[in-house]
Every structure is written in structure tokens, then in C-alpha cells.
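Subject: Structure for you to look at

Hello,

Here is the structure I said I would pass on. Please open it first, then read the notes below with it on screen.

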Amino acid sequence: MYDPRLPAVIADPYPTFRRLQDADPVHTSAILGGRVVTRFADVRACLTDERLSSDRITPFVRHRAGRHDAPLIETLGRTLGLWAVFTDPPKHTRLRALMNRTFTTRAVERLRPRIEAIVDELLARVRDQGQMDLIRDFAYPLPIAVIGDMLGVPAADRPTLKEWSDELATFVGSAVATPDKYERAAKGLVQMQDYFRGLLDARRRAPKDDLTSALASAQAQDPTYADDELVATAILLLFAGHETTTNLIGNGMLALLRHPDQLARLRANPALAGSAVEEMLRYDGPSGAMVRVAAAEDAIDGATIAPGERLFLMINAANRDPRQFEEPDRFDVTRDPNRHIAFGAGIHFCVGAPLARLEAQIAVPALARLPGLALASDRLPWLDSLVFRGVTALPVDFS
Ligand code: HEM
């Protein structure tokens, strides 16, 4: 009924999601080893249910103990176990506090001129070519430049960090067809840790106006924060700060280009950028599945959940649920109301939502202004991942 490995399902999972919502909303998946939850109300309820654990790292490390790759998994587990997104209170509460102050809408709004400058610079590079790979030339370099700036990572180091982060993504993104993912992910992670330990030391000696310095100062005020927690948080921000935003811009522009009437509306009225970005998040957002683990026996929609069972909360499926959205398969840049859950819900609600929104609200109208912008091919390569939804290339023409 649901095989997330099939290329046709990866390219367009929505018909399958609809069948699951109607016939089997808490589907038991042997392929994924857990339950696949697809209705909006159920996904939202699970995201805000604090009895469900976000810590899928500890059970995974335990499960792999004794196997040949156990040392690699332990290496991954040690740092990922300090990522807010994989922890429960009280551990989550203190890790989240490290990030909360820095990502307020007001603090992020200050970045606007810098983001506009990066967008202009990226478009200036391709303007005379009449074509580009929208991922490689734009959606990929933009978010890494922005979060790199925020963290204080020098421009010259960003491509290397991006490579390490992409290696880590094979594991965090639950790649289904990457056999050596643990080895690659652990290598990427260890290199990022060394890098951020060095950067943190440098900022302790000479603080600057950046997030790494803010992490160092949080520790100075509350010495119970360990170096490993600061390093893990910096890596989480780097990682979460770009993998998803690339895909928001990529999937969003793909939807816009496949709906020329909506592109024309946005061009005619750039003030629609805000609602257009919300619709991009809803219609084909960058987040596939969020995972939770049941601590005790539970029931969802009449289905019994056993203790220790994994729940795959399908965000994109929920955001197309006809029980929640009128004509959910229609892409409408003026949709209102549009209460999607692309950024999650509850205590793990995305810290970076204001930043992701701002980047996309600047990027999308700038791209839409390129005259004659159109898809150069409709056969697109999709990411091998359950967690991240996005194309790896998006060739476009313009005049
Ligand atoms: C369009 C882009 C983005 C999307 C769709 C997105 C989506 C999400 C979702 C669904 C969650 C909840 C995870 C869960 O409940 O298990 C989350 C958490 C998180 N996001 Fe984002 N995100 C985006 C961009 C960003 C950016 C730009 C940053 C940072 C600069 C960021 C940082 C985080 C962090 C740190 C968490 C963990 C929060 C916690 O566990 O308390 N995200 N994101």
C-alpha cells in the first residue's frame, strides 16, 4: 500500500497519502518498521502529545548494539542525542533555551538587507546565461550563506561544511537507498564537531556579533552547559538552517512553475509573497515525516499503538488532508486560511521558521521577476529521503 522507495511514490506521494488517509490512516509499515500517520488531526495531535518521545536516537543505538557498525552508530548517537529536536523535556527545555533568544521574528528581520544582497548576487551571476539549475545555482547556496553568516562561519569554509552536512543528511534524512550512510554520516559529523569546537574557542577569545559567540556567552552565564551541548547546537542550526530551506525554495518554485496562472498572480502583485510562501509550505513542503516513539500503549483513530512503536507523522500528507483544507490539491497563492503544520507543532515547533519564511519571501518574488521563467525539464531527480522532500536539480530557462 505504501512503499516510500518507489520512484513514482517519491516523485508524487500525494495520491498514496490520500488512499492511506481514507482507508488506513494509521498504517502499519513493515518497510519503515512503524506506523504511518497521515490525517491532519492525528498528525497534529501526535506532534503536541508530550507522552510521545522525540528521542529515537537512544532506542536506535540500543537496537544496533553488538553489530559490526555499532561504534559508528554510537558516535552519531552521542552528538545527535544532544540535538533539541531528538530530546524530550527536561533535556529539551535547556537545549531549546540556548536557541530561543536568537531566532525571534524581530532579530531575524534585521537580516533582511543581507539576505537581499545574497539573492541579488546569486541572480547577477546567472542573469546573462538565460538558464540555471535553480537548486545548484540558487536554492542551495542561499541558505548556507545566510546561516553561515549568522553562525560566523567564514565564507571560505562553507562549501566544506556543506559537504559534511550533506553526508550527515543521509542518516538524519533516513535515506532508504544509501548503503554506507552510517559511515558517511559519522565522518561528516566528527569533522563538523572539530570545526565548531575550534570556532567556539576562537569566539571565547575574541567574541563577535554572531550565534557562535552567543552560545559561548550563554555558557559563561550558565556553566552547566557543556561544550558538547554548544557544539551539537551549532551543528543542529547549521544543518536545520539550510537542508530544509533549499527544498522550500526548490519545491515552491517547482509548484509555481507548474501553475503559470499562480506565477502570473504573484508577478502582478508581489505583496502576495507572504501567502504564496505559506502555500508552498503547505502544498509540497520540505518536511516529509517527523518521527515519534510511543512510551506506553496508546490509541490513534481506534488503532492500538504498542509501547516502543515508532510513529511516522507524515507532515506533507496532513497538509493535503481534505478534512482540514478545502480543495487541498489546488495550489493557490492567496489561500486563506492556511493553517498548515510544515514547521511542526508543540514544543519542537521550528526555531528557524521566521528565518525560513524571510528567506523564501525575499527569494521567491526575486526569482518570479526573471522574465520568461519556465521549467526546462519536467523529469526531475528527487532526494532519497523520508524526512526531506526536494529535488536535487531544477533546470529552468529565462530570457
Ligand atoms: C522551510 C524550512 C524549514 C522547515 C519546513 C522546517 C521544519 C521543521 C519541523 C517540522 C520541525 C519540528 C521537528 C519535530 O517536531 O520533530 C523543526 C524543528 C526545528 N527547526 Fe526547522 N524547518 C525549517 C527551517 C529551519 C531553519 C532555517 C532553522 C534554523 C536556522 C531551523 C531550525 C530548527 C530547529 C533547531 C528545530 C528543533 C526545535 C526543537 O526541537 O525544539 N529550521 N523544523
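Two strands are said to pair if DSSP finds at least two bridges between them. By that rule, strand β3 (residues 52-53) pairs with β5 in the antiparallel sense, over two bridges. Please keep in mind throughout that this is a predicted model.

Strands around β5

Leu52 has Ala294 in β5 as its bridge partner. β5 also pairs with strand β8 (residues 310-314), again in the antiparallel sense, over five bridges. There, Ala289 stands opposite Met314 of β8. Is strand β5 (residues 289-294) mostly covered, or mostly open? It is mostly covered, since five of its six residues are buried. When you look along the strand, remember that side chains in a regular strand alternate between the two faces of the sheet.

A three-stranded sheet

Which strands form the open sheet of three, and in what order? The order is β4-β10-β9, with antiparallel pairing. β4 (131-133) and β9 (374-375) are the edge strands, each pairing on one side only. Between β9 and strand β10 (residues 395-397) there are two bridges, in the antiparallel sense. Leu375 has Val396 in β10 as its bridge partner.

Two packed helices

Two packed helices are described by the angle between their axes and the distance between the axes. For helix α8 (residues 112-126) and helix α10 (residues 141-151), the angle is about 145° and the axes are 10 Å apart. The crossing of α8 and α10 is right-handed. On the α8 side, the contact is made by Arg114, Ile115, Ile118, Val119 and Leu122. On the α10 side, Pro141, Leu142, Ala145, Val146 and Asp149 take part. The residues of this contact between α8 and α10 divide into eight nonpolar and two charged, with no polar ones.

Around the ligand

How many residues surround the ligand? There are 28, and the closest are Ala240, Gly241, Gly344, Cys350 and Gly352. Three helices, α6 (91-100), α14 (227-258) and α18 (353-368), each supply at least two residues of this shell. α14 gives the most, with seven residues. By type, the shell around the ligand divides into 18 nonpolar residues, nine polar and one charged.

Regards

Conventions:
Residues are numbered from 1 along each chain as its sequence is written. This is a predicted model: local features need pLDDT of at least 70, side-chain atom pairs count only at pLDDT 80 or more; totals for chains, interfaces and linings use all residues. A residue is near a molecule or strand if its C-beta atom, placed from the backbone, lies within 6 Å of it. Helices (H or I, at least four residues) and strands (E, at least two) are DSSP runs, numbered from the N terminus. Ala, Val, Leu, Ile, Met, Phe, Trp, Tyr, Cys and Pro count as nonpolar, Asp, Glu, Lys and Arg as charged, and the others, Gly among them, as polar. A residue is buried if 20 or more other C-beta atoms lie within 10 Å of its own, exposed if 12 or fewer, and partly exposed in between; C-beta atoms are placed from the backbone. Axes are lines fitted to C-alpha atoms, for helices over the stretch in contact, and angles run from 0 to 180 degrees between N-to-C directions. A crossing is left-handed if the near helix is turned anticlockwise from the far one by less than a right angle, and right-handed if clockwise. Two residues are in contact if their C-beta atoms, placed from the backbone, lie within 7 Å.
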